[in-house]
Amino acid sequence: MTLTLTDVTLTYPDGDARLTALDHVSLEVPAGTLTAVVGPSGSGKSSLLAVAATLVTPDRGRVVVAGTETAGLSRSEKTDLRRERIGIVFQQPNLLPSLTAAEQLQVMAHLSGGSVRDARIRALDLLDAVGLADKADRRPHQLSGGQRQRVNIARALMNEPAVLLVDEPTSALDHERGAAVLDLLLGLTRQRSTATVLVTHDRAHLDRVDGTATMNDGRLAVPAPA
Ligand code: ADP
Ligand code: MG
C-alpha cells in the first residue's frame, strides 16, 4: 500500500500573515520502498511528516494513506487510521522510563486491544528484527542511545503499519551508527512492505535508498524515476 501526497500546501499563522511550510508538495511512496527527504533546517521536512501522519491538516491538497483518502475523516477516524496504519518515529525516543524494551512495544498492542500473549510474541520478534533480541528486558536507562532509537523504531512497527514515518533518527547519533540505522530501516521496509519516509540530515549512504527528495523553503524536489 502506498502513501500519496498530491499538491499539498500547509500554512501556519505568522503574525498578521501566513507562513508557507509546504508549498504544493507531491510525493508518492510505494509499499516496500524508502524515500529519504533531505533539506535545511526549517525547510518543512517535519511538517511533511506531520501532514502524512494526519496530525496536521493541510490547507489544500490530498493525502492518501494506504488507500484511505484522509480529507473527509473525523478526528477519531484519523486517530484510528494512525493507530492501525501509520508508524511514527519522532526525533526523541520518548520511551517510558519504567517499562522494559518489550513492554514499550506491548503497550502499543494493548492500546488497540489485542491479546497479551500475541503482543509479547510480536514484540520479541520485532526486537529481534532490530538486533535487540537479548535486550528485551532492559529499561531505557540500561540501553545506549542507539539501542533506544532501535526500540523506538520497533515500537512504531508493532501494529504492522502500511506507512512508516521517521524524523531524523540519526541526528543524535554518530555517522557510523547513522549508517546502521539506515540499513535497519531499509531492511525493515523491504521485509514488512512499508511505504517509508525518512527525514535525515545525513546525506551519506543515500545511494542505497529508493529515492531522495530535497526540501527547500517548503518546496519538494523529487527526482524523476530513472
Ligand atoms: P524542518 O523539519 O525542515 O526543520 P519544519 O517543518 O519544522 O522544518 O518547519 C517549517 C517551517 O514551519 C519553519 O519556518 C518553522 O518555523 C515553521 N513551523 C513549524 N511548525 C510550526 C508551528 N506549529 N507553528 C508555526 N510555525 C511552524
Ligand atoms: Mg524537523
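Two strands are taken to pair if DSSP finds at least two bridges between them. Helices (H or I, at least four residues) and strands (E, at least two) are DSSP runs, numbered from the N terminus. On these terms, strand β1 (residues 3–14) and strand β4 (residues 60–65) pair in the antiparallel sense over five bridges. The structure is a predicted model, in which local features need pLDDT of at least 70, side-chain atom pairs count only at pLDDT 80 or more, and totals for chains, interfaces and linings use all residues. Residues are numbered from 1 along each chain as its sequence is written, chains are lettered from A and ligands numbered from 1 in the order in which they are written, and side-chain values use heavy atoms, with hydrogens and water left out.

The pairing of β1 and β4 belongs to an open sheet of four strands. The order is β2-β1-β4-β5, and the pairing is antiparallel. β2 and β5 (68–69) are the edge strands, each pairing on one side only. Within the sheet, threonine 9 stands opposite arginine 60 in β4. β1 is also joined to β2 by nine bridges, and these two strands run antiparallel. Here leucine 5 stands opposite leucine 27 in β2. The hairpin of β1 and β2 has two residues between the strands. In this hairpin glycine 15 takes a positive phi near 65 degrees.

Serine 26 lies in strand β2. Contact means heavy atoms within 4.5 Å. Not counting residues up to four places away in sequence, serine 26 touches Leu5, Thr6, Asp7, Leu220 and Val222. A polar contact is a pair of N or O atoms within 3.5 Å; within protein, one must be able to donate a hydrogen and the other to accept it, and residues adjacent in sequence count only if both atoms are side-chain atoms. A polar atom of the serine 26 side chain lies 2.8 Å from the backbone nitrogen of aspartate 7.

Serine 26 counts as partly exposed because its relative accessibility is 34%. Aspartate 7, at 35%, is also partly exposed. Aspartate 7 is found in strand β1. Most residues other than glycine have a negative phi. Aspartate 7 is not a glycine, yet its phi is positive, about 55 degrees. Serine 193 likewise has a positive phi of about 55 degrees without being a glycine. Serine 193 sits in the loop between α6 (175–192) and β8 (195–199). With 41% relative accessibility, serine 193 is partly exposed.

The ligand site comes next. A residue is near a molecule if one of its heavy atoms lies within 4 Å of it. The residues around ligand 1 are Tyr12, Leu19, Ala21, Pro40, Ser41, Gly42, Ser43, Gly44, Lys45, Ser46 and Ser47. Four of them are nonpolar, six polar and one charged. In this scheme Ala, Val, Leu, Ile, Met, Phe, Trp, Tyr, Cys and Pro count as nonpolar, Asp, Glu, Lys and Arg as charged, and the others, Gly among them, as polar. The largest share of the shell, three residues, comes from α1.

Oxygen atoms of ligand 1 take part in several polar approaches. One is 3.2 Å from a polar backbone atom of serine 43. A polar side-chain atom of lysine 45 lies 2.8 Å from a ligand oxygen. For serine 47, a side-chain N or O atom is 2.6 Å from an oxygen of ligand 1. The protein covers 60% of the 560 Å² of accessible area that ligand 1 has on its own. Accessible areas come from the Shrake-Rupley method with a 1.4 Å probe; for residues, only the protein chains shown count as cover.

Serine 43 lies in the loop between β3 (33–38) and α1. Serine 43 is classed as buried because its relative accessible area is 4%. Its side chain reaches the backbone oxygen of proline 40 at 2.6 Å. Leaving aside neighbours within four places in sequence, serine 43 is in contact with Ala21, Met215, Asn216, Asp217 and Gly218.

Definitions and conventions
Buried < 20%, exposed > 50% of the residue type's maximum accessible area, 1.4 Å probe, protein only.
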